[in-house]
Amino acid sequence: MSDAEWQTRCNLAALYHVVHHLGWTDTINTHMSARVPDEPDTFLINRYGEMFDEIIASSLIKMRLDGKVIGEPGKFDQNYYVGERGKFNRAGFSIHSSVYNARQDANCVMHTHTRAGAGVSLMARGLRPISQDAMEVIDDVVYHHYGIPLSDEESESLGKSCVAGSCVVLLNHGLLTHAPTIHGALQRLYMLERACSSS
């Protein structure tokens, strides 16, 4: 692999450890990804079933935006890609590829189901401008009517929402951020999460 891919793998694995430290993991049921810099039609994402503090650079899966898993023979069943070294969450592919297809400037996508984020996603008025943290992100917040993640309609709709903003509240579901860098996506999610915690 290229030096750029290896560095991205190291940075993304470190991001999973930061998310574990912050308590945003929802055990194994959420995901972060990063586009491979010198292969813009591919991205890296976690293998389903690993705890976030177990993820290392070499355990990340490399996928193409068309859904092909690179270097790991296997096939998709209803909810997972089942390969030689484990499973990958098919909904994760759908969510992340939708953002990368819609936003050529997005190089990292983070998606969580924290209590605060899920709580705001249930509120009729959404995020309120009542704290410094909320004011940090509120102009970039978009509300997305989250649908069936594996459908073409949902992929297209999520892509449109991500064009409108980089802090996405998935209604009745959770939070999503994207940015040109890994640390940028983390900063957006950190501020969005703090804003949700104070709402």
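Does D26 count as buried, partly exposed or exposed, and at what relative accessibility? In this predicted model, D26 counts as partly exposed because its relative accessibility is 33%, where buried means under 20% relative accessible area, exposed over 50% and partly exposed in between (1.4 Å probe, protein chains only). The model is predicted, so that local features need pLDDT of at least 70 and side-chain atom pairs count only at pLDDT 80 or more, whereas totals for chains, interfaces and linings use all residues. Residues are numbered from 1 along each chain as its sequence is written, and side-chain values use heavy atoms, with hydrogens and water left out.

The secondary structure of the chain consists of 6 helices and 10 strands, taken as DSSP runs (helices H or I, at least four residues; strands E, at least two) and numbered from the N terminus. Of the 199 residues in the chain, 52% are buried. Contact here means heavy atoms within 4.5 Å. Among contacts between residues at least 6 apart in sequence, 60% join residues at least 24 apart.

The largest nonpolar core contains 51 residues, and L12, L15 and M110 have the most contacts inside it. Such a core is a set of buried Ala, Val, Leu, Ile, Met, Phe, Trp, Tyr and Cys residues joined through side-chain atoms within 4.5 Å. Helix α6 (residues 182-197) gives the most to this core, contributing 8 residues. When neighbours within four places in sequence are left aside, L15 is in contact with M32, C108, M110, I182 and L186.

Two packed helices are described by the angle between their axes and the distance between the axes. Axes are lines fitted to C-alpha atoms, for helices over the stretch in contact, and angles run from 0 to 180 degrees between N-to-C directions. Angles under 35 degrees count as roughly parallel, over 145 as roughly antiparallel, 65 to 115 as roughly perpendicular and the rest as oblique. A crossing is left-handed if the near helix is turned anticlockwise from the far one by less than a right angle, and right-handed if clockwise.

Helix α1 (residues 3-22) packs with α6 at an angle of about 20°, the axes lying 10 Å apart. The two helices α1 and α6 are therefore roughly parallel to each other, and their crossing is right-handed. On the α1 side, T8, N11, L12, L15, V18 and L22 meet I182, L186 and Y190 of α6. The residues of this contact comprise 7 nonpolar, 2 polar and no charged. In this classification Ala, Val, Leu, Ile, Met, Phe, Trp, Tyr, Cys and Pro count as nonpolar, Asp, Glu, Lys and Arg as charged, and the others, Gly among them, as polar.

Helix α6 also packs with helix α3 (residues 115-122), at an angle of about 65° and with the axes 8 Å apart. Helices α3 and α6 are therefore roughly perpendicular to each other, and the crossing of α3 and α6 is left-handed. In this contact, A116, G117 and V120 of α3 meet E193, C196 and S197 of α6. By class, the residues are 3 nonpolar, 2 polar and 1 charged.

A further helix pair is formed by α2 (residues 90-102) and α5 (residues 152-164), whose axes come within 8 Å and cross at roughly 50°. Helix α2 is therefore oblique to α5, and α2 passes α5 in a right-handed crossing. Residues S94, I95, S98, V99 and A102 of α2 make this contact with S155, L158, G159, C162 and V163 of α5. The residues of the contact of α2 with α5 divide into 6 nonpolar, 4 polar and no charged.

Individual positions in the helices were also examined. A91 is placed in helix α2 and is buried, with a relative accessible area of 18%. The C-alpha atoms of A91 and T30 are separated by 9.9 Å, although the two residues are 61 apart along the chain. Q7 lies in helix α1 and, at 45% relative accessibility, counts as partly exposed.

Most residues other than glycine have a negative phi, and most peptide bonds are trans. D26, in the loop between α1 and β1 (31-36), has a positive phi near 50°. N172 has a positive phi near 60° and is located in the loop between β9 (167-170) and β10 (174-179). N172 is exposed, with a relative accessible area of 60%, whereas D26 is partly exposed.
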